[in-house]
Structures are given as structure tokens and as C-alpha cells.
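Good morning, colleagues. Please have the sequence and the structure before you as I speak.

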Amino acid sequence: MSGPDGVLNRIPPAVKFSVLFGAGIGLYLITWWPALAGTLLIAVVALLATRVPVARLVRPIAGLVIIIGAVVIMTGLTGGWPGARLSGLRLITLCLLAYAISLSTRFAEFLAVVERIVAPTARIGLNPARISLALSLTVRFIPDLRDTYQGIREAQYARGLQHRPVATLVPLIIRTLQSADQIAEAIDARAYDTTQPTEEPS
């Protein structure tokens, strides 16, 4: 999750996530598109500050632009283009900020921040460590699922099965379940216990 040693890598993860949270709220309070364009420029600078090679950024950002572009077009056709422009600028700014933070934050740091955020849930009987572990595993394995999907799809294309979604989905589900079993076994083998210590009665 962490990229090369850029400026953002030296900022505490809690500060970066706080800024992202504030940006998520603040951007929706801005209704003047030139100001939103300025925040987009800041997000681009933040992404470049991770010092990740631009060639490595092109593909994920291109996919992001396509998805947001589709959202903007649909919003423009149904609700008007001024609103679509604002929505598009907000979405891409937030996504670039989140991407910059994910590239500049180590996975262990992310896990620690999540655990601190959900710590108050212990008062209502939940286990913050387990919540943190579940969320972290979900985020961690999204790229693996994407790679698995692409590998299966390329294999099916090579076999001439490019127009059969079932031929892709079935092995994808089976491999995902196998990965889940392997992860569970690895956690058990390491005796990972997220149970909170109980206080001894005085």
C-alpha cells in the first residue's frame, strides 16, 4: 500500500485520514466550480508528492476517469450539466486524495488507524480488533481479486470463451473461496486472537 519515500509518507496516517475525512465534507459545501478545480489541482499535486512513477499511475487513473466520466454524463443528462460538473470535480478530487493517501500509507499504519477509529465500539460489545482485521483484509485483497479476475478472463479468451460470463465467474468464485480458506488457516496457524483481555474481578 505504501509507495516510494515521498513527502506524504512522512505525515502521520491519522493526519492524512483526518484531512481526507474533512475533504469529504468540505468539498460538498463548495458550489463554485473554479474553487473545486483548485482542490482538484491540490489532489493532483498530492498524488505526485507520493513520488510513485507516473507510468504506474496512468492505468488506475484512466479507469477512474472513465467511471467518473460515465457518472458525469448520466448526471448531466438527468439533472443538468452544471450539477454534473460539480459532482465530477468532487468525485475525482476525493478519489485522487484517497489514492494518494493509500499509496503513501503502509498497511500496518492503516490497520492501526482503523483500530483506533473503531475503538469506541467496544463500549457496545463489539471487538475493534476484529472489525479492523475484517476491514483491512477486505481492502487488502481487492487488488488480488482484480488480478485473479483478469487472469481467468485472459485464460478464457485464449480458449475462445470470451462471451461466456459463467465461464469466468465460476472459477473466480471458487478461487475466492479457496483464498478465504487459506487465509483462515493462516490466521489459525498463527494463533491470532482478537479477543479483548478480560479484567479480573477485584
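Predicted model: local features only at pLDDT ≥ 70, side-chain atom pairs only at ≥ 80, totals over all residues.

Tyrosine 99 is placed in helix H4, which covers residues 81-103. Between tyrosine 99 and isoleucine 61 there are 38 residues of sequence separation, while the C-alpha to C-alpha distance in space is 9.3 Å.

Let me stay with helix H4 and turn to its packing. At what angle do H2 and H4 pack? The angle is about 20°, and the two axes lie 9 Å apart. Angles under 35 degrees count as roughly parallel, so H2 is roughly parallel to H4. As for handedness, H2 and H4 make a left-handed crossing.

These two helices also take part in the second largest pocket. Which helices each supply at least two residues of its lining? They are helix H1, residues 13-26, helix H2, residues 33-48, and helix H4. H1 gives the largest share of that lining, with four residues. The space in the second largest pocket comes to about 230 Å³. Its lining residues include Val15, Lys16, Val19 and Leu20, as well as Thr39, Ile42 and Ala46. Leu97, Ala100 and Ile101 are also part of the lining, as are Leu8 and Ile11. By residue class, the lining consists of ten nonpolar residues, one polar residue and one charged residue.

Next, the backbone at arginine 51. Where is this residue found? Arginine 51 sits in the loop between H2 and helix H3, the latter spanning 54-79. Most residues other than glycine have a negative phi. Arginine 51, although not a glycine, has a positive phi of about 65°. Is the residue buried or exposed? Its relative accessibility is 58%, and because the threshold for exposed is over 50%, arginine 51 counts as exposed.

Finally, I turn to glycine 151, which lies in helix H6, residues 128-158. With a relative accessibility of 35%, glycine 151 counts as partly exposed, because this value falls between the 20% and 50% limits. Glycine 151 and glycine 88 are separated by 63 residues in sequence, and their C-alpha atoms are 31 Å apart in space.

That concludes my presentation.

How values were computed:
Residues numbered from 1 in each chain as written. Heavy atoms only, no water. 1 Å grid on protein atoms, 1.4 Å probe; cavity = no way out; pocket = protein on both sides within 12 Å on 5 of 7 lines; lining within 4 Å. Points joined across faces, edges and corners; volume = space filled by probe spheres on them. Nonpolar A, V, L, I, M, F, W, Y, C, P; charged D, E, K, R; others polar. Buried < 20%, exposed > 50% of the residue type's maximum accessible area, 1.4 Å probe, protein only. Axes fitted to C-alpha atoms, helices over the stretch in contact; angles between N-to-C directions. Parallel < 35°, antiparallel > 145°, perpendicular 65-115°, else oblique. Left-handed = near helix turned anticlockwise from the far one by under 90°.
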